[in-house]
Amino acid sequence: MKDQMQRVNLSTVSEFVLVGLSDALEVRFLLFVLFLITYLATMAGNITILVAISTDTRLHNPMYYFLGNLSLLDILCPTITVPKMLEALLLENKVISFTGCMLQLFFLIDVVGTEIFLLAVMAYDRYVAICHPLQYTNILKGRGVHLQKANWMAQL
């Protein structure tokens with residue numbers, strides 16, 4: 001009779017336990033401070049770039065438009081993952097829900113994909129600037145912005 005019964009695994013995953021780099025409180029605190037400083041420096045640098053590009057009218061051309069988008073993506077990428085890592089390092093809460101993990105993964109893949117396409121558009125921009133310097137502004141007058149808008153829309 002036992003041989004005729006099918007064995008089926010009915011368990012489901014509801015959360016993941018984040019296994020850290022160390023269980024020692026001193027090492028975790030040191031890592032927390034190190035990653036927090038790195039995260040804040042990244043945020044400060046990219047926000048400075050965004051403010052500089054948006055306030056200085058001389059920087060309102062396609063190359064700086066792309067750099068501003070790259071800075072925005074460089075703000076989003078660590079903001080998706082670092083806060084949960086900092087929480088796990090500082091607090092004893094080393095658990096992330098399955099849904100939270102999948103959302104984090106989805107948004108990270110989305111932002112990284114957008115960044116890859118942005119780098120391709122930036123490469124095209126530099127190609128036009130180098131190979132057709134006299135026609136650069138005519139070629140990319142509206143096309144560069146449209147390429148980046150299409151990039152953002154494709155990732156949604």
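This is a predicted model: local features need pLDDT of at least 70, side-chain atom pairs count only at pLDDT 80 or more; totals for chains, interfaces and linings use all residues.
**Exercise 1.** Locate the salt bridge of Lys84 and Glu87 in the secondary structure, then classify both residues.

Solution. Step 1: the closest N and O atoms of Lys84 and Glu87 are 3.3 Å apart. Step 2: both residues lie in helix α2 (residues 62–90), three residues apart, which is about one turn of the helix. Step 3: Lys84 has a relative accessibility of 18%, so Lys84 counts as buried. Step 4: Glu87, at 26%, is partly exposed.

**Exercise 2.** Which residue forms a salt bridge with Asp125, and how far apart are the closest N and O atoms?

Solution. Step 1: the partner is Arg126, at 3.0 Å. Step 2: Asp125 has 2% relative accessibility and therefore counts as buried. Step 3: Arg126 counts as partly exposed because its value is 34%. Step 4: the count of salt bridges comes to three.

**Exercise 3.** Which helix gives the most to the nonpolar patch?

Solution. Step 1: the patch covers about 510 Å² and is made by Val13, Phe16, Phe98, Met102, Leu105 and Ile109. Step 2: helix α3 (residues 98–131) gives the most, with four residues. Step 3: Ile109 is placed in helix α3. Step 4: Ile109 has 55% relative accessibility, so Ile109 counts as exposed.

Methods
Residues are numbered from 1 along each chain as its sequence is written. Side-chain values use heavy atoms; hydrogens and water are left out. Patches are made of residues with over 30% relative accessible area and no salt bridge: like charges are joined within 9 Å, nonpolar side chains (Val, Leu, Ile, Met, Phe, Trp, Tyr) within 5 Å. Accessible areas come from the Shrake-Rupley method with a 1.4 Å probe; for residues, only the protein chains shown count as cover. A salt bridge is a side-chain nitrogen of Lys or Arg within 4 Å of a carboxyl oxygen of Asp or Glu. Helices (H or I, at least four residues) and strands (E, at least two) are DSSP runs, numbered from the N terminus. Buried means under 20% relative accessible area, exposed over 50%, partly exposed in between (1.4 Å probe, protein chains only).
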